[in-house]
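This report is meant for a reader new to the structure below. Please look over the sequence and the model before reading on.

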Amino acid sequence: MKTLKDFNFKGKKVLLRADINSDVAERTEKILMSERIKEASKTIIELKKQKAKIVVIAHQGNPGKEDFLPLKQHAKFLNKFVKIKFIDDIIGEKAIESINNLKNGEAILLDNLRFLEEELDIKKIPNRILEILAPIFDIYINDAFSVCHREHSSIVLLPKAIKEKGAGLLLEKEINSLKKISIKNCLYILGGAKPEENIKLLKGKKVLACGLFGQLCLVATGKNLGYQNEFLKKAVLIKGNYDDFLKKLKEKLVNVEIPVDFAVNFNNKRKEFDLKDFPLNYEIEDIGKKTIKKYSEEIKKANAIYMKGPAGNASEKQYSKGTYKILKTVSKCRGFSLIGGGHLSDAIAAFKIPIKKFGHVSLSGGALLNYIAGEKLPGLEALEK
Ligand code: 3PG
């Protein structure tokens, strides 16, 4: 696989696929500053130094979900690290004109790629990403390891359509770190809103389920969480039928520990309830102290740990206790610890836990999980071919 050092970028039009998909503050449309944005800026800075004409493409959220937003706010955050102009267009006249007017060393960020159906549906014809964008560029750089498990146009088709292709600094760093990981006899701590990924690791090894995933496991066993039952349907990302997924999940819940208490939003204050007190008419925001204690004991015994997804709503201080305590215990774990996903890397930075306390902190959630589950990543294959 080629990396930045293998190219002469001077005066070349470079299409850079980055992952700046970030957390959104609850019940707002406000993007939160993320480690992904900070890291993505490094490749842009390097390409600017090398006098490329840089066009960054990226996504935010998924259609139909609350986090499905334009990239204007991301550009503002990126500008804290590198000068880049936001263009509220992807394949229209405005975008093409801006690309054609780029001078050496300048960068623009186009809008959310997932606004175009053909980004998510690679079989859609015509594919405007391929027909309009691809012919303009000399070099394609993929710096979005965290999206490499997705068969999306920008990940698997563009590298085939643009003559030269290679990996950005972050993608290169992630791959090199993964070569060194050792997670045999690993305890999995799985959270997050993408349960279809987590289910791939439910193969009888010990799992501590937390966050939205932990709640979903409970619902799958038939527990009624009250208000949260409906909230989960909207919040989690499941491609197929929700009820069918729950049935499948129930069958896989072997050796999976599920939370025994929760912290809820009780008139905007944290209040903890035992599982037996549910159903309740409150939104669940975190795991409770009994679950934290129970999980911490398991973590202390573990030889190696892989954690994906937060234990609760970690971006709000009063609900970040579960994620903080679990991460803190993991950071003292005697074996190798691998942390994955945008939420957790942001949480580690916010809690100021030194990153060197973990074996490896990846900015990637699903792609890393697929890698651990032994699956091939289509985005990496497309770069290698
Ligand atoms: C992530 O957040 O894991 C990546 O940005 C990929 O996003 P996706 O799971 O919505 O495809």
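## Basis

The model is predicted, with local features needing pLDDT of at least 70, side-chain atom pairs counting only at pLDDT 80 or more, and totals for chains, interfaces and linings using all residues. Residues are numbered from 1 along each chain as its sequence is written, and side-chain values use heavy atoms, leaving out hydrogens and water.

## Helix 12 and helix 13

Two packed helices are described by the angle between their axes and the distance between the axes. Helix 12 (residues 289-301) and helix 13 (residues 321-331) have axes that come within 9 Å and cross at roughly 15°. Helices are DSSP runs (H or I, at least four residues), and strands likewise (E, at least two), numbered from the N terminus. Axes are lines fitted to C-alpha atoms, for helices over the stretch in contact, with angles from 0 to 180 degrees between N-to-C directions.

Helix 12 and helix 13 are therefore roughly parallel to each other (angles under 35 degrees). Ile292, Tyr295, Ser296, Ile299 and Lys300 of helix 12 make the contact (heavy atoms within 4.5 Å) with Lys321, Gly322, Lys325, Ile326, Thr329 and Val330 of helix 13.

## Asparagine 112

Asparagine 112 lies in the loop between strand 4 (107-109) and helix 4 (117-120). Asparagine 112 counts as buried because its relative accessibility is 0% (buried is under 20% relative accessible area, exposed over 50%, partly exposed in between, with a 1.4 Å probe and protein chains only). The side chain of asparagine 112 reaches the backbone oxygen of glutamine 60 at 2.8 Å.

## Glutamate 131

Glutamate 131 belongs to helix 5 (residues 128-133). At 53% relative accessibility, glutamate 131 counts as exposed.

Key. Parallel < 35°, antiparallel > 145°, perpendicular 65-115°, else oblique. Polar contact = N/O pair within 3.5 Å; in protein donor to acceptor, adjacent residues only side chain to side chain.
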